[in-house]
Each structure stands twice: as C-alpha cells, then as structure tokens.
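Have the viewer open and follow along.

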Amino acid sequence: MFAKRQSALAAAAGAAPRAKDGPSLTPVINALKKPPVVAGLAGLFLLSTSALFLTVLGDPKAGTPSAHVALEREAPAAQAPAVAPTGFEAFSMGAMGLYQNFAGGGDPAAGGDAVITLPDGGSVSGQGAPISAPVHAASPLAKAPIAGLSQPGSNGPLPMIAPDGRVPAQAYARPFRPNGKPRVSLIVGGLGLNAVTTRAAIERLPPEVTLSFVPYADNLQSWIDQARAQGHEVMLEMPMEPTGYPDNDPGPYTLLADGGADDVGAKMDWLLGRATGYFGVTNYLGDRFSSSDTGMNAFLGILRQRGVAFLDDGSFQRRPGAWARASADRVIDRTQSPAAIIAALNGLEAQAKLRGSALGTGFSYPVTVEAAARWTAGLEQRGLQLAPASSMSMRPGR
C-alpha cells in the first residue's frame, strides 16, 4: 500500500501544474445595474465629497465677517469713609432693620383714624390726624449745675438742698402744667452707653419723656447736658444687687443687700458725684437689695437729705422715702417686639384714662425708642396729656 501512494505522488510531481479558475465579476456588475443600489452609491459619493471639502477648506463660516470684544468687570467704586449717623438717621433710614419698619396709615381727609401698623400686627391710632415721629424742636432747660444745688464731693459735685430751700428734685425737673386731661408719663433708661441709641432717644422722643442715664457711661455730663438742652429732664440709675449676684453683676459700685450703711454711703458718693443736672434717681435691677432694711434705709435717707427724688420701675412700691417718690405702673418692653410694646403702651394709656395718671418705664432698645416716639405723637388726639415723670412723684406723707 505504501508503494502505491509514493508512486502517485511521484507522478503528480512530474506533471505540469493545472491553472485555477479566476473569480467572475458578472454577478457584481449585474447587481450594480439595479436602481436601489445606484441611488445608495450616489448618496455615499455625496457624503464623501462633502467630508473632503470640509477637510480641505476648514471652517465653513470662515468667510463670514466676525468681531471679538474683550469684556472686563468694572472695579467696585471706592466707599466713602463711614460717618456715624444721627439719632434720626439711625432710626429712620432702616439702619436697624425690623425695628424701623413702622409704617403710617390712615387718611385724615377721609375722616378716619390715623393708624400706625407695626410688623407684628400691633397698631396705634389717633383721631383725625396722621401720626408721625419727627425730630422735636429743642425746648431747653436751665444748664446744670444750678447755683446753690451742689457741693464738692470726693468724686465730684454732690446734690444738696440750697440754703433758700430749693431742691434738685424740683429745680432740675421739667416744668409742667396740667390741662385737665389724664396724664401719662414715660421713662426711657439705659442711656449713655450706646451713642446711636442715646442720640435717638434725645432727638426722637418728645421733651416730656424722661431720660435715665447709666452712671458708668463715658462723657456722662455731656450726655446729660445734651438731653437737657433738648428739653428732657434726666435721672441717674443706681445699680442695685439682684438675685443671682455676682453672676448677674450690675458693676463695681453695686449697692449690696448686706453691705451696710457705710458701704451704701461710700458707693452713693461715687454714683451721685458722676454728674449734675438730674432731678432724681431710679433703680437698675435690685430685687435683692430692696429686701434689705439696712441698705434701703441708708439709700433713701441719703436721697432725702440731698433733696433727690426716687422713681423706681415698680418693684419698690412698698418702700417710702427719698425727698419724693413714685413707682412705675408697668415696664413696657419686657417683650421686645413692636406689637408687645404697643400693647403695653396702650395698657398704660387705658390705665391713665381710668385712674387719671399712669407711669411707664422702658429700656433704650431701638424698638422701644421708635415705638414710644410713634405712640407719644398721637396722645393729644386720643385725649391724654404727656407729662414728665417728675410730675408723678410725691413727697412722702402727702
């Protein structure tokens, strides 16, 4: 078998190679003659031509006109140096945000009440005239010190009763003449520490509103002089020991419940000697000090001997003494919102109409100052008389 296979290979190797049959193009040519194929080939040719055109000539918009503009951000304008606002500006131009969003309403020509609508829903109304709170014209009081009403002290001039019987409680008070209407008075305190709020209270509040100053304030005499030049009678605040002392500390000259008469006397020499021109003093805190018979007797005795009045915030009503006394009927800004303050002022107004007089007190928060300014502007139309707080004080025993 092996021999037969070898013989076949040899025979094949010696034979001439046989030519292979080549591929036929006839089927392709026949296919190209069909109309659908011709249309497809034409589209392919068009796409290929377009691609070649873009490749060679580049951007098809290259021949159209164009422009390039360089944009630059303008540098912010240089700001002018800050200037401290006046009290009117601070409370009238939105510098204090919500506190200044008081809007007047009402049309007096239509015969309706003028209404001030506050952000929290409170309102103040007057009858027949729009309510506004302008900067009040000055109605100056006598410049302090008035001769004969002070004597030298180790820390400054101290108030005294003059040889002719004149007393600071009367001489430095704003003159007042009742007109028969119910009287309402307001004390705004905490002044002298913040220049903006102090100026605002002096300028925005009518001169019948009594202003109370912090004894620790810088330039205290200057502030008192400015207030009196505008027409406000002034008081000096006496820091007194509160519950929680010393964590709740009114300052280094706080009158202490267990300090004794000598300690009270020494501290009051410093406090009363800080300035002149005040007709009376008021308390700053002091619920714990008020419970001390020794401390309170020494405090009131000194005021009585020096002819100075004591008007408290309502927490000392059981303590007679001083040369003259009065206690506030309510604090108007325990809640510091326009609606709450207006509600308290309206309550004070109602009490004055019921009893003939009422005395309120508040702190110089911006919202308090502005609400009080708007409220006092409509008192006359509502049948009340705004009176200085000194007119509410009475001599003990009277």
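## A core methionine

Let's start with Met235, which has a relative accessible area of 0%, so it counts as buried. Keep in mind that this is a predicted model. Met235 belongs to strand S8, which covers residues 234–240.

What is Met235 in contact with, once its neighbours within four places in sequence are set aside? The list is Ile187, Thr210, Leu211, Ser212, Phe213, Tyr278, Phe279, Gly280, Val281, Thr282 and Leu311. Val308 is 73 residues from Met235 in sequence, yet their C-alpha atoms are 9.8 Å apart in space.

Strand S9 (residues 280–285) runs parallel to S10, with two bridges between them, and Val281 sits opposite Phe310 in S10. To get from S9 to S10 the chain goes through helix H9 (residues 293–306), making a right-handed β-α-β crossover.

S10 also pairs with strand S11 (residues 324–327), again in the parallel sense, this time over four bridges. Here Leu311 is the residue that faces Ala326 in S11.

Which way do the side chains of S10 (residues 309–312) point? Ala309 and Leu311 go one way, Phe310 and Asp312 go the other, and all of them are buried.

## Ring pairs

Searching the whole structure turns up six aromatic pairs. Take Tyr253 and Trp270: their ring centres are 3.9 Å apart and their planes are at 0 degrees, so this pair is stacked. It ties together distant parts of the chain, as Tyr253 is in the loop between S8 and helix H8 (260–272) while Trp270 is in helix H8, 17 residues apart. Are the two partners buried or exposed? Tyr253 is partly exposed, at a relative accessible area of 27%, whereas Trp270 has 17% and therefore counts as buried, the cut-off being under 20%.

Phe363 and Tyr365 make a tilted pair, with 4.8 Å from centre to centre and 50 degrees between the planes. Phe363, at 34% relative accessibility, is partly exposed, and so is Tyr365, at 26%.

## A ring cluster and a charge over a ring

Phe310 from S10 comes back here too: ring pairs join Phe289, Phe299, Phe310 and Phe316 into a cluster.

Finally, have a look at Trp323. Arg395 lies over the face of that ring, 4.0 Å from its centre.

How values were computed. Residues numbered from 1 in each chain as written. Predicted model: local features only at pLDDT ≥ 70, side-chain atom pairs only at ≥ 80, totals over all residues. Heavy atoms only, no water. Buried < 20%, exposed > 50% of the residue type's maximum accessible area, 1.4 Å probe, protein only. Contact = heavy atoms within 4.5 Å. Phe/Tyr/Trp six-rings, centres within 6.5 Å; stacked < 30°, edge-to-face > 60°. Lys NZ or Arg CZ within 6 Å of the ring centre and 35° of its normal. Pairing = 2+ DSSP bridges. Right-handed = clockwise from strand over helix to strand, strands pointing away.
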